[in-house]
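Work through each exercise with the picture open, and try the task yourself before you look at the solution.

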Amino acid sequence: MVAWATRAPLFLPFAFVILFFFVPVCWLVATSMSSHEVGSAPVFTGTLAHYARFWTDPFYLETALWTTVKLSVLSTVLALIIGYVLAYYIAELPPHRRGFLTSMVVVSLSVNIVIRIFGLNVLLMSGGLVDSALTFIGMPKVRIMYTEIGVLIGLVQIAIPYVVLPLIGVIAAIDPALKEAAASVGANKYKTFWAVTFPLSLPGVVAGTLIAFTLNAAAFAIPSLMGGGRVRMMGMMAYEQATVQGNFPFAAAIGISLTILSILITAIYLFAINRTFRTARKAT
Amino acid sequence: MSATTISTDKVVSSRKMRLPLPTALGIAAFCAFVIVVAPLFVVVGAALNAEAMFFPPKQLTLHWMVAALTDGSFVNGALISFTVAAVAATVSTIFALPVALQLRKAPPTVAKILTLSFMGPLLVPSVIFALSLYSVVIYAFGVTNLFVLVIGHVMITMPYPVRTITAVTENLDPALEDAASSVGANPWRTFVSVTLPLIKPGVIAGFLFAFITSWNDFSISVFLTPRELQPLPIKIYEYLLYQYRPLIAAVSTWSVIGSAIVVLIIDRLVGLNVFTGRRS
């Protein structure tokens, strides 16, 4: 009786998640295997034609799939490097002086993505601050906006706070005695970092990069506002197919492909991390 | 400039050092920090421009900041965003409560099912979840409405309160609840007068997290927003697709100020540790 009374409140959230998450996602899978005719609702036929269209047409493979994989992986790696430096610096500060930097990172994270992209655009547009600075130091004029580089910069900038925040906690929690121990046996700063700090901060690295990668693989606002229609990523393509073309089955096929791809890359990444560090532990 | 600010800090902290040079790490960290905050400063700077958009601004004025507050369309968008965020965050926090509390007591298999069903949505990119909800709604009703938008927002915000509440329940002593029920309190009474006060920080943090996620959401809203009731991010997005004017920078600046205030409240209430995942 008591057990029932405490579990009853679970019913509502459960029903909610099943009804509004699992049912729609299954629906999307079914839609991706339905026939498409302009002007009429999709009819489920079990066809794999939409997947075949996406996965065999060089146009989709090169413009959408390859761009998506390349930009999302590259931006995650860059965000990790930049974010790690900042997180390390903040974590090494005495606790009472971390506040300002941490809160600015949190504010940046909590400002709308559209607004941050807008700020980046003003900075990167031709005649903007970055453009003028590059001209001033004598660099040849380069176009950043509406190119892959521009989209990459956008993806990195948006992803950095997600990498920094979990890392601050993890790096700050590392026992300083471990570093002192490494130093006492003659390890220099770099050796200590790679042998002690970095391996111990891996949970934070994994947490941050997973969020960054999942977000960037499905990026939508950044390519559409910074790519100027020239840089096409899969999330954006699925949106256009559904809302502009009205081709729901093809949009669904792109969406499901993107989901599977992102889960697959995540799995490979986790597997590689696990293996590398298990062998490293065996070796020592 | 980086060098000077960082090195003066060091002088304050350790007065023994004379004329300390900034370390390579300090410089690199400063550059990283600039990359993180640059867009925000640019937006604020651009809002103070008199004529066209530039950063740094050439002639300062507060004209656009005032104009943004009287622009009916943007004020409306902000009100819709606020309402949706408040409703979605409340619902998702209420839903997260029993889930997080059960996670603590449940046998391992049940706990696994619970985690999978409530954290599972994080595995599917939010654009794809939005697409699936959108295609169901379009198939069933032909149009989308505000109710569907709120459902979408509840779904994407729910993992945050589940996580923050689970984090505080881990430190909860079950003996306290047992004590309450042993003196005859029913489960509801125990929950309200014993459990809830103890997990309050997690509940508040989860609510604010959910609120901020909803307020900032773009990918769910772009699919599920009804034409006539657009939340602020979508309004800004559509405006940016066609034109760049200081007005939009001013609207954005107000939104940045709002975000900063919410972060400040979170800091005062529960500390910024909720973001860095450290328990004080």
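**Exercise 1.** Find how many residues of domain 1 of chain B are in contact with domain 2 of chain B in this predicted model.

*Solution.* Start with the bounds: chain B is divided into domain 1 (21-61) and domain 2 (71-276). Next, look at where they touch: 7 residues of domain 1 of chain B are in contact with 8 residues of domain 2 of chain B. On the domain 1 side, 6 of the residues are nonpolar, 1 is polar and none is charged. Finally, the C-alpha centres of these two domains lie 31 Å apart.

**Exercise 2.** Describe how helix α12 and helix α13 of chain B cross.

*Solution.* Two packed helices are described by the angle and the distance between their axes. Here α12 (residues 232-242) and α13 (residues 246-270) of chain B have axes that come within 11 Å and cross at roughly 155°. Angles over 145 degrees count as roughly antiparallel, so α12(B) is roughly antiparallel to α13(B). The crossing is left-handed. Now list the contact: α12(B) brings Leu232(B), Ile236(B), Tyr239(B) and Leu240(B), while α13(B) brings Ile248(B), Val251(B), Ser252(B) and Ser255(B). Sorted by class, that gives 6 nonpolar, 2 polar and no charged residues.

**Exercise 3.** Work out which helix gives the largest share of the side of chain B that touches chain A.

*Solution.* Begin with the whole contact: 62 residues of chain B meet 72 residues of chain A. Helix α2 (residues 24-47) of chain B supplies the largest share of the chain B side, with 15 residues. By class, that side of chain B has 47 nonpolar, 13 polar and 2 charged residues.

Note on methods
Residues numbered from 1 in each chain as written. Chains lettered and ligands numbered in written order. Predicted model: local features only at pLDDT ≥ 70, side-chain atom pairs only at ≥ 80, totals over all residues. Axes fitted to C-alpha atoms, helices over the stretch in contact; angles between N-to-C directions. Helix = DSSP H or I, 4+ residues; strand = E, 2+ residues; numbered from the N terminus. Parallel < 35°, antiparallel > 145°, perpendicular 65-115°, else oblique. Left-handed = near helix turned anticlockwise from the far one by under 90°. Contact = placed C-beta atoms within 7 Å. Nonpolar A, V, L, I, M, F, W, Y, C, P; charged D, E, K, R; others polar. Domains from an automatic or database assignment.
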